[in-house]
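Subject: Structure handover

Hello,

The structure is placed below. My notes on what was found in it follow; please read them alongside the coordinates.

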Number of protein chains: 2
Amino acid sequence: MNTALLVAYDGTGFAGWQVQANAPTVQEALERALAEVFGVHARVTGSGRTDAGVHAAGQVCSLLFPESIRVSPERIADALNTRLPPAVRVLGSVRAPEGFDACRAAKRKTYRYSVYVSPREHPLFERYAVRVPQMPDLAAMRACASLLEGEHDFAAFSAAGSSAQTTVRTLYSVRVAEGEELGVPVLHMDFCGNGFLYNMVRILAGALLDAGGGRLTLSAAEQALRTGNRELLGKTLPAKGLTLLSVEYGFPLFERERG
Amino acid sequence: MNTALLVAYDGTGFAGWQVQANAPTVQEALERALAEVFGVHARVTGSGRTDAGVHAAGQVCSLLFPESIRVSPERIADALNTRLPPAVRVLGSVRAPEGFDACRAAKRKTYRYSVYVSPREHPLFERYAVRVPQMPDLAAMRACASLLEGEHDFAAFSAAGSSAQTTVRTLYSVRVAEGEELGVPVLHMDFCGNGFLYNMVRILAGALLDAGGGRLTLSAAEQALRTGNRELLGKTLPAKGLTLLSVEYGFPLFERERG
């Protein structure tokens, strides 16, 4: 039975999604729970890897669940949750179409990068957001966001060591929303695209903040897109501000869980 | 020099505000940082204790800083932050009026109790909020909130063992706000009052949720106020959903830090 899981995790204590030796990963936590609860030793395929420290509210993964084990797919979530560490929870489990592969079938992903605005560190924000000392110019951020939307070669917006065959990707939307939590201004930058290169969201978010802080002009951002020169852009932002919000497949998979 | 500090903390790892033997507390962390940075051994007086696991975005405390140490009061915050654990940060420091005592001078405090609505645990909400499986009836919650506002004997809304001389308190406002984070519905219950009994906010928040879930009628809540019978109300909610938002003194103290 091909099965899809909707998974949320607090990435703080994990060395990322993908199984690796001698470091806790989310994939390993899920595969271990599958083995402990059902005796199933199956590969859990995520929609994509997330890096060490990156969070997820809507990661999707797929696995082949043996037909010999009689369990309704909807019950797999609660069963796995009894054995998962508290930082990982399966929010939903469903039967997936035959041949469904959560990675290859992914059509769109949405990532959020969150920052809070404060002259000093605030312990209630440090876990899931990155601090900026002053409120950036939102109009400048949004002008840069518009520039980044669409199909571009994002070579300048990816870290070296990426194994992607092409660095062309499409950003369907880049949105900058301002809000307030506990009296502290917060900004959410949401990136929806057909795929993301290594570190791409963290470099994109950094570019938006640099635009909002007057450190990156629109023409420099344009030049980065045109030339693929990573050095025109600032540092890659920390992982902790990044959350995988959702993955879409072009057909309903977890509509109920998403409310 | 009488000094006031505006302090934020993530209460998860602390046995509360007040110094105690063999357990980490926020007060102890601040007093230790004072000793390490300035060689000052002073008592740090909070606006009130917070229990183990309770967070603060705007705790206020006062201390007598020796005149012999020449430092501008505004610089004390950054200096202390160099030695505090990451879960505690001083957001601001100012010279306070002579004789100012952060506890005795407190006129109003505002606490927030936060819940998120989800059929399953969500790891990105568990640290600062408590889960409710279904959306409560907000109109019923607000009707109960209105009932609780004003001056009442809150004996039924406090835990046994409270040493308060009177259980009469005034709630200036009780507000229920709904929002959404990461696609998940959240509710914030804000309680502003002239003082709070032991566990009072957690019992009040539980009563509002019980009202919203059809488990507490308005007349039962009224009866609890009238009779002081704790047994008419539900369980005390967990500490982790509770955050001390702000303390007011009737004169400006940290207006700049609060933005």
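Strand 5 of chain A and strand 6 (residues 130–132) of chain A run parallel and are joined by three bridges, with Val117(A) standing opposite Val132(A) in strand 6 of chain A. Strands here are DSSP runs of E with at least two residues, helices are runs of H or I with at least four residues, and both are numbered from the N terminus; two strands pair if DSSP finds at least two bridges between them. This is a predicted model, in which local features need pLDDT of at least 70 and side-chain atom pairs count only at pLDDT 80 or more, while totals for chains, interfaces and linings use all residues. Residues are numbered from 1 along each chain as its sequence is written, and chains are lettered from A and ligands numbered from 1 in the order in which they are written.

Strand 5 (residues 108–117) of chain A has two further partners. Strand 9 of chain A pairs with strand 5 of chain A in the antiparallel sense over eight bridges, and Val115(A) stands opposite Leu187(A) there. Strand 10 of chain A is also antiparallel to strand 5 of chain A, over six bridges; the bridge partner of Arg108(A) in strand 10 of chain A is Glu248(A). Nine of the ten residues of strand 5 of chain A are buried (buried: 20 or more other C-beta atoms within 10 Å of the residue's own; exposed: 12 or fewer; partly exposed: in between; C-beta atoms are placed from the backbone).

Strand 4 (residues 88–95) of chain A has six buried residues out of eight, so strand 4 of chain A is largely enclosed by the rest of the structure. Strand 1 (residues 2–9) of chain A pairs with strand 4 of chain A in the antiparallel sense over seven bridges, and Val7(A) stands opposite Val90(A).

Not counting residues up to four places away in sequence, Leu204(A) touches Leu148(A), Phe157(A) and Phe191(A) (contact: C-beta atoms, placed from the backbone, within 7 Å).

Next, the two chains. The contact between them takes 25 residues from chain A and 25 residues from chain B. On the side of chain A that touches chain B, strand 1, strand 3 (55–64), helix 2 (76–81), strand 4 and strand 10 (242–248) of chain A each supply at least two residues. Strand 4 of chain A gives the most, with three residues. By class, that side of chain A has 13 nonpolar, six polar and six charged residues; Ala, Val, Leu, Ile, Met, Phe, Trp, Tyr, Cys and Pro count as nonpolar, Asp, Glu, Lys and Arg as charged, and the others, Gly among them, as polar.

In the contact between them, 14 residues of domain 1 of chain A meet nine residues of domain 2 of chain A. The domain 1 side of this contact in chain A has four nonpolar, nine polar and one charged residues.

Asn22(A), in the loop between strand 1 and helix 1 (26–38) of chain A, has a positive phi of about 65° although it is not a glycine. Asn22(A) counts as exposed, with 5 C-beta neighbours inside 10 Å. Asn199(A) has a positive phi near 65° and is found in the loop between strand 9 (184–193) and helix 4 (200–212) of chain A. Asn199(A) is buried, with 21 other C-beta atoms within 10 Å.

Regards

Key: Contact = placed C-beta atoms within 7 Å.
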